Amino acid sequence: MSLKNTAKETLEILTTGTYTNKSGTVVEFLAAQQMAVKKTVLYSPQHSAALLAAPAASTAERPTIEVTAETTQVAAHRLVQTEKCRERFRS
């Protein structure tokens, strides 16, 4: 598939909030996507010192910020496949 077709398909998926996976199951994510947008918070660089100084709500560990030289898609694949990260959307 060309990049142009991939882009068109991606925009269609984002607009409808559904896609069909390889097994033929329709996956609906519009409500989860809208909730994610609604709950998104922008932290500017000016907020970083205060955020890093404050203890995390659920643990005494300091938060970790990691910058990697990879695309979002490659990072997501790595987190799920290699690091077995299975965090799910919570409303």
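Which residues form a nonpolar patch on the surface? Val41, Tyr43 and Leu51 do, with about 300 Å² of accessible area together. Patch residues have over 30% relative accessible area and no salt bridge, and nonpolar side chains are joined within 5 Å. Accessible areas come from the Shrake-Rupley method with a 1.4 Å probe. Val41 lies in the loop between α2 (30-38) and α3 (45-53); helices are DSSP runs (H or I, at least four residues) numbered from the N terminus.

The model is predicted: local features need pLDDT of at least 70, side-chain atom pairs count only at pLDDT 80 or more, and totals for chains, interfaces and linings use all residues. Residues are numbered from 1 along each chain as its sequence is written, and side-chain values use heavy atoms, with hydrogens and water left out.

The whole structure contains two salt bridges, each defined as a side-chain nitrogen of Lys or Arg within 4 Å of a carboxyl oxygen of Asp or Glu.

| Salt bridge | Closest N to O |
|---|---|
| Glu70 with Arg78 | 2.6 Å |

Glu70 is partly exposed at 27% relative accessible area, and Glu83 is partly exposed at 46% (buried is under 20%, exposed over 50%, partly exposed in between).

The second largest pocket has a volume of about 210 Å³, the space filled by probe spheres set on the grid points. A pocket is an open set of points on a 1 Å grid where a 1.4 Å probe fits, with protein on both sides within 12 Å along at least five of seven lines; lining residues have an atom within 4 Å of a point. Its lining consists of Thr6, Thr10, Ile13, Leu14, Tyr19 and Phe29. Helix α1 (residues 3-16) supplies the largest share, four residues.

Conventions. Helices (H or I, at least four residues) and strands (E, at least two) are DSSP runs, numbered from the N terminus. Patches are made of residues with over 30% relative accessible area and no salt bridge: like charges are joined within 9 Å, nonpolar side chains (Val, Leu, Ile, Met, Phe, Trp, Tyr) within 5 Å. Buried means under 20% relative accessible area, exposed over 50%, partly exposed in between (1.4 Å probe, protein chains only).
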